[in-house]
Amino acid sequence: MRLEPRNDVPVYLTILAPAGAVVLALALTAIPLLWADVPVAQAYALIFEGALGSRFALTETLARATPLIFTGLAAAVAFRARLWNIGAEGQLYAGALAAVALGSGAFVAPAAVMVPMIVIVGAVAGALLMLIPTLLKLRLGVDEVVTTLLLNFVVLLFVSMMIEGPMKDPMGMGWPQTAPMIDQATLPKLIDRTRVHAGLILAVVAAVVVWVLVNRTTWGFEMRAVGANPAAARFAGMPVARVMLRVGLISGALAGLAGVGEVAGLKGYLTLDLSPGFGYSGIVVAMLAQLNALAVVVSALFVAVVFVGADFMSRSIGVSNYLANLIVATSLLTMLAASLATRYRLRLR
Amino acid sequence: MNESVNREPEDLVLRLRGITKRFGDLVANDAIDLDLARGEILALLGENGAGKTTLMNILFGHYVADAGEAHVADAAGALTPLRSGSPNTSLLAGIGMVHQHFTLAENLSALDNITLGTDSLFRPWQRQRSARHKLATLMDRSGMQVDLDAAVVTLSVGERQRIEILKALFRDARILILDEPTAVLTPQESESLFATLRRLASDGLSVVFISHKLAEVLAISDRVMVLRGGRVVANTPTAGTDGPRLAEIMVGRPIPPTVRQPMAPGEIVLDLAEVHVPGEHNRLALTDTNLQVRRHEIIGIAGVSGNGQAALSNLICGLATHDHGRFELFGRAAIVGSPARMISAGIGRIPEDRLHDGIVGSMTVWENLLLEDYNQAQFATARFMRRGAARANARQVIDAFDVRCPGPEAPTRLLSGGNIQKLILGRVLSRQPDLILANQPTRGLDIGAVTYVHQLLLAARGDGAGIILISEDLDELLTVSDRIAVFYRGRLSPTMATEDVTIRRLGLMMAGQSVEGAAANAA
């Protein structure tokens, strides 16, 4: 038995492989469920019902997918150029903090002005935060995996300081949270009385823009070349450092937008539990999408389905919603195996 | 011309029958028969991918053959079946192999490297004494002298190769396989290797000598076996054949000889005066270098690798800067340290390591053809790529430079070495550069591809380019260049007209003897 590289990957495989990977992941996660005497079919049925079974469920899933699309894009862009940004979580909070700082009454203007402004400010905050590790990598050769990861904790502590101190809501009855966003700085709801907000549209537009950027522009050409072979890119005259800087800024800005959406579209104010790890889940989303920006939208929806559905199932039959983490993690592994299957053909002899 | 070689069976030390090895659809070895007699030097000749190395890897136990059988003479001379599948059984059967890339631990002494793996872990000092004794005899008999206590890292390439051979002899090899042994040697070192091999062969050692260089095959071997496409296409005594005939058999079609028509050199395109480039890790890389290149002229740069070629190449490619001296391009001071500036100044650069610096393997052929041109107006409007124009251009280059690939959309890593080099040449030459730096442009390529590269360089010379050709292949330099200079320890000799140079003289200069001394020796 041996693996042989395929010269060209047939189209049906690129669709079939991820689907097969998900099915396989569900089969594998059934093993611990059976072990724990959980009715597997019922559990999975509840996950689907909880995520897709009603209008409410669907809107919850869409709301959950919104930040995942942004953080997934942040990881996909950076990883394509082999810039390992593990700091989307911190950049998300930086974006949220900047949006709140501007949008909770410090500045008042009509919504047509306020909304674009907080979006821009949030993106800039995320980009500036990512600028630090990128510059450290380029100037001093510091490993960005370490710096981006550790900056997450620095940012969280900084946010904690701000919401316990200078930015604490005076009307908040002592809770560690900021003042609420003013109405003009709130992202409009897409569907009334649900949590789906205009951030979803922004996220999908961002995915299209990133796809075009990576696949159709000279900037994307440089990013892909630098990522795949920096020595050859440099030899061919590409400005490798500038490309890396650009990638870092774009990636940080996308993660910052995730924070803007959560704070201005969903929560309305900033607390320390704004994100249940959207920054880290974004890495999984990007890997599941094989770093393709359009596929990020699909894989973010998948991850959102699993998380929202698992919460519902957990409430219904009492199986811990940690099962969601198990399904997503297993999917990542089976997806890696599937991507191998698309690039190689198994030959028995 | 399959002249069967009849030998007494008891004379044979190795007999292969019907060895077949497939990799997927590719038949790397197709029913190969091979006989090797005691004391015989057999040359295994063939192009890249002809199956030479596969065959020897089967013999040495790295691969298992799909079909066929191998018999090796034991110490008493009787042919016994070789159980395949492990280098250890092959070593015990008396087969030693010297790989193209040496397998030495650089921080250990020569002695440690030779005895490594044969040493008992208990009481090593006793083994050491007997090992020294045995090696002294071996060195005496073979004429190879090595300082056994020197750390390998301090030894020259030729010395390292001697250690590899001694390592095989120390394990009582009766068959020695050498894979492209002269690729890294100066001509003089090659001569001394050949002398050693002849001496060992007359002592009863059988040698399989893998090569694609015709001259040395003719010089060293008793018999030549030519492989093509995994099959034996000739098996003949060396005495009855000649270079052009072997080349034709090896390639499967006649190879037109490369002819360099004399040309009057034009204006100066590159002028280096007293240029000094600091080396990495505080080593001096390029010292007081003077070099002028004119249009219609190919300057060959010879030298053992690591003597300053990389620094010169990096300077001209825009990857390094000089700290003093004068560097002029087309009569103006060059702006150094930027590959993009060098490209736009009109320099075509063919990198030494084509996979590392020349292409992005995971990107498509058309994208790789665009690496240096993606910002040009014809291929991009306001940062949006004009993919249609780029693909059309790629198809043109693929046709013009005979790049064999499934199409412009194929990932470049799937191409063979020769076609990757043609792709790079196509990218560089279609810009019609005025100065070309070609660093080892034919390393590892087949004769057909080598000839093609030479023709392209000569055509560019005819079109008015000045060319710097850095090469370790002296035959290549003598064939293609108009003038030749030699690197030794960061210093470049003055250029000499190719007509006044011999391989022997180049070899002496590469080994550091002064030009005057070399001239005297050549006379």
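Predicted model: local features only at pLDDT ≥ 70, side-chain atom pairs only at ≥ 80, totals over all residues.
**Helix α12(A)**

I stepped back to the helix itself. α12 of chain A covers residues 293-317, which is 25 residues. From first C-alpha to last, I find a reach of 36 Å, close to the 36 Å expected at 1.5 Å a residue.

**α1(A) against α2(A)**

Next I turned to a helix pair in chain A, α1 (residues 11-35) and α2 (residues 40-52). Their axes come within 10 Å and cross at roughly 125°. That angle lies between the 115 and 145 degree limits, so I note α1(A) and α2(A) as oblique to each other. The crossing of α1(A) past α2(A) is right-handed.

I then listed who makes the contact. α1(A) brings A:Leu26, A:Ala30, A:Leu33 and A:Leu34, while α2(A) brings A:Val40, A:Ala43 and A:Tyr44. Sorting these by class, I get seven nonpolar residues, with no polar and no charged ones.

**Chain B meeting chain A**

Last, I checked how the two chains touch. On the chain B side, 24 residues are in contact with 18 residues of chain A. I asked which elements of chain B give two or more residues to this side. They are α10 (339-345), α11 (354-358) and β18 (384-385). By class, the chain B side holds 15 nonpolar, six polar and three charged residues.

How values were computed
Residues numbered from 1 in each chain as written. Chains lettered and ligands numbered in written order. Helix = DSSP H or I, 4+ residues; strand = E, 2+ residues; numbered from the N terminus. Expected span 1.5 Å × (residues − 1). Contact = placed C-beta atoms within 7 Å. Nonpolar A, V, L, I, M, F, W, Y, C, P; charged D, E, K, R; others polar. Axes fitted to C-alpha atoms, helices over the stretch in contact; angles between N-to-C directions. Parallel < 35°, antiparallel > 145°, perpendicular 65-115°, else oblique. Left-handed = near helix turned anticlockwise from the far one by under 90°.
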